[in-house]
Amino acid sequence: AVIYGGSSRKSQIFQCEAGVEIIIATPGRLNDLVMSNVIDLRSVTFLVLDEADRMLDMGFEPQIIKILLDIRPDRQTIMTSATWPEDVRRIAARYMRNPIQIYVGTLDLTAVHSVRQEIEIVKEEEKFDLLLDFIGRMDSEDKMIVFVDRKSSADAVASELIRKHISCQSIHGDREQSDREQALEDLKLGTVNILIATDVASRGLDIQDITVVFNYDLPKSMEDYVHRVGRTGRAGKTGYAISLVTRENWGSAGRLIKILEEARQNVPGELRQMAERFQTMQERKREFTGGRNRFGNRDNDGDGRFFGLGSLNSRGNQNGRDREKLPVMNSVHPLRGSSIDIYPNARWQQNGITVAGGNRQGYGINQLSSPYSLYVDDDQTIYVADTSNHRIVEWKRGATSGQVVAGGNGQGSGDHQLDNPTDVIIDKDRDSLIICDRSNRRVVRWPRRNGKSGETIISNISCVGLTMDENGSLYVTDFGKHEVRRYRRRESQGTVAAGGNGSGNRLDQLYVPYYVFVDRDHSVYVSDRDNHRVMKWMEGAKQGIVVAGGQGEGNGVTQLSSARGVVADQLGTVYVADRENNRIMRWPKGATQGSVIVGGNGRGEQWNQLDRPFGLSFDRHGNLYVVDHGNHRVQKFELQSNPN
């Protein structure tokens, strides 16, 4: 049986209870099933700890030790490790009896000799340009893994490549297990030939035909560098690895040079200079403790030559600085928007998954009561405006009940209370919730962790929806004044961003605005409830344009009925909760009619039905979340396909 987190626990239990001779497991899930009395380790006679160094790096030492203590002492143990750090030696000495050590080659840190390693000394803003240039030179049979150092970078690079119509997949720790498996399957089958990855893919992958490893970000650990390079040049084949090195990586230059020299690879002169400057700085620090590091802060105004892959420069220049620059990649995505590009023919599963509530209307911690809106965090934690319960509830991914994080002290106007809250977002800079406390006619800031009360930041406003742009400006709908106001940081009055000309159906008017979305260009999208339309107001505009509905109330494909939650994607396609028609509609930019993407099967509580949907949001991976108001639940509709 194969046992690991992120996959069906129930099916894994079924496999184990059917009887198995061999279990391949991750430490966390194995201990989980042991503690649940599904697996009895006392009968295990043979234990293999594969990639022991990596498991220790990832913080699995307590789980590994528990497994070692639970298994019978007369077992046979094998521990494999690509490197031989102190932590691995310590565990081997403590939990293995008279172990025999077998190693291939040397215990020194070395990279596989079948891979040609090349180094490019670059500026940070030149990285994406070089990646695009390299992709343009790949052969059709090449397969490449592009390694980055952060999960957000993996999403950002993948998104920018897709935007430029370059097919790729991404894999990192925040992606669901099924998404990771699909990404690897696509690479193996050749559906894509580029995988953007964090170090979660640097070990354990056995894809035989990887021809290129592209270190977009140099890893902090040279052990990780060796493992990354080892993804190519396998099974007797040769491979190629290119690493982009910036001045910020100078602390790793010395160890990188040793690896290159051991493998008889070319060492760029500028890399040696970086190592020498870092060594000099370290010596000066030891000599003059606390002295200013003038070497680390001094800009090197050399000729900036690229070493190694000079062929990357399509014009044949040495430095590439006179090249036409591509735009610097923007990794910011709007609140409630997807961080991956969504194409016009994308499809979502028609049966929703209940991720919050769904246990009838009630006040229990596993229930919701007439919820209005939601916010989805990067880790797919959901924050729900549980309106009729006068509280904000946090639901972790996979949880069967929530936790009250704001309000929940009865209906009221006290600092510790809320009264029919209708929307919530997270201000990550201040680690706080921002809440539309509708019936108290205020916007409240509430500490995100262990907050007991909130602070009123906007008063006397009939708010329903709110959002924030990347600069920290807050946008709030005021249905009493039929306008959207923008509040920059430290502003108390704000300025009109949409509407503000009384109620009506002119293009410079709104009629009971509800929800608001702001895109990267700071254009404001508003669900204009009683005009049954969605309006877009570009920054600084005096009037808006109709981007969905606006053909009177109805259930046709050109109409909406009481528009609610609204989101736009990178193409300007609008997604809107069509409340009275119990459906979510998609309106491409410039279209005069929309199409139903989920719901539209009548009002009801089946998995393919909605009951007066309100709030709407994507997560980072393009999955769609809908506040199913009348069913007192939140439904997740997974992105089924996203062909370009």
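Modeller: Start with P513, which sits opposite D528 in β26. The model is a predicted one: local features need pLDDT of at least 70 and side-chain atom pairs count only at pLDDT 80 or more, while totals for chains, interfaces and linings use all residues. Residues are numbered from 1 along each chain as its sequence is written, and side-chain values use heavy atoms, with hydrogens and water left out.

Back to that spot. β25 and strand β26 (residues 524–528) are antiparallel partners, held by four bridges. A strand here is a DSSP run of E with at least two residues, numbered from the N terminus, and two strands pair if DSSP finds at least two bridges between them. Zoom out a bit and you get an open sheet of four strands, ordered β25-β26-β27-β28 with antiparallel pairing. β25 (513–518) and β28 (545–549) are at the edges with a single partner strand each, so one side of each has no neighbour in the sheet. On average, neighbouring strands are turned by 25 degrees against each other, direction ignored; the axes are lines fitted to C-alpha atoms, and angles run from 0 to 180 degrees between N-to-C directions.

Strand β23 (residues 483–487) pairs with β24 over four bridges, antiparallel, and R485 faces V496 in β24.

Now look at strand β30. Is β30 enclosed or open? Five of the five residues of β30 (residues 574–578) are buried, so the strand is largely enclosed by the rest of the structure. Buried means under 20% relative accessible area, exposed means over 50%, and partly exposed is in between (1.4 Å probe, protein chains only). In a regular strand, side chains alternate between the two faces of the sheet. In β30 both faces are covered: V574, V576 and D578 lie on one side, Y575 and A577 on the other, all buried.

β30 has a partner in strand β29 (residues 563–568), antiparallel over four bridges, where V566 has V576 as its bridge partner. These two make a hairpin with five residues between them, and G572 in the turn has a positive phi of about 85 degrees. β30 is also joined by five bridges to strand β31 (residues 583–587), running antiparallel, with Y575 opposite R586. That pair is a hairpin too, with four residues between the strands, and N582 in its turn has a positive phi of about 55 degrees.

One last stop: N601, in the loop between β32 (595–599) and β33 (613–618). N601 has 40% relative accessibility, so it counts as partly exposed. What does N601 touch? Leaving out residues up to four places away in sequence, N601 touches N608 and Q609, where contact means heavy atoms within 4.5 Å. N601 and N581 are 20 residues apart along the chain, and their C-alpha atoms are separated by 9.0 Å.
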